[in-house]
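Subject: Structure handover

Hello,

Here is the structure for you to look through. Please open it first, then read the notes below it.

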Amino acid sequence: FAQALQQIEGHFAIAVISNCESPRIFCAHNKKPLLIGTAAQTTFVSSNSDTFQFDPNPHRLEEGQYAILSEGGYGLAGISHRDKEILDPDSLIHMR
């Protein structure tokens, strides 16, 4: 995912669902907002802040980062460093 992001140009906000190991959503953006919110046992992502009526303090994904959403939380990783460092996605999960 990170290697593909390094090749994309232009303005975008993207979310990709993966069922390879366990259900996860990978998301990233470039020059478009992307917000991550949590409520109860749910983690969600949107480029529209109006979506966040259940989480008044969503996390704004920074440029150069991507997020991995999974059951009960999310994790963050750097796009440019992903190909140099192998990360276990389960170790990235942050509960809010």
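The average pLDDT of the chain is 77, and 82% of the residues score at least 70. pLDDT is the predictor's confidence in each residue, on a scale from 0 to 100. Over residues 82-87 the pLDDT is below 50, and this stretch has seven contacts in the model beyond near neighbours in sequence. A contact means heavy atoms within 4.5 Å. Residues 91-96 also stay under 50. For them the model has 24 contacts beyond four places in sequence.

Two notes on how to read this. The model is predicted, so local features need pLDDT of at least 70 and side-chain atom pairs count only at pLDDT 80 or more, while totals for chains, interfaces and linings use all residues. Residues are numbered from 1 along each chain as its sequence is written, and side-chain values use heavy atoms, with hydrogens and water left out.

Now the sheet. Four strands form an open sheet in the order S1-S2-S6-S7, with antiparallel pairing. Strands here are DSSP runs of E with at least two residues, numbered from the N terminus. Two strands pair if DSSP finds at least two bridges between them. S1 (12-18) and S7 are the edge strands, and each pairs on one side only. On average, neighbouring strands of this sheet are turned by 20° against each other, direction ignored. The axes are lines fitted to C-alpha atoms, and angles run from 0 to 180 degrees between N-to-C directions.

Strands S2 (residues 24-30) and S6 (residues 65-70) pair antiparallel over four bridges. Phenylalanine 26 stands opposite isoleucine 68 in S6. The C-alpha atoms of phenylalanine 26 and glycine 75 are separated by 9.7 Å, with the two residues 49 apart along the chain. Glycine 75 is in strand S7 (residues 73-78). Its relative accessible area is 1%, so glycine 75 is buried. Buried means under 20%, exposed over 50%, and partly exposed in between (1.4 Å probe, protein chains only).

Threonine 43 lies in strand S4 (residues 42-46). Threonine 43 counts as buried because its relative accessibility is 17%. Its side chain reaches the backbone nitrogen of glycine 73 at 3.3 Å.

Last, the cysteines. Cysteine 27 is at 0%, so cysteine 27 counts as buried.

Best wishes

Conventions. A polar contact is a pair of N or O atoms within 3.5 Å; within protein, one must be able to donate a hydrogen and the other to accept it, and residues adjacent in sequence count only if both atoms are side-chain atoms.
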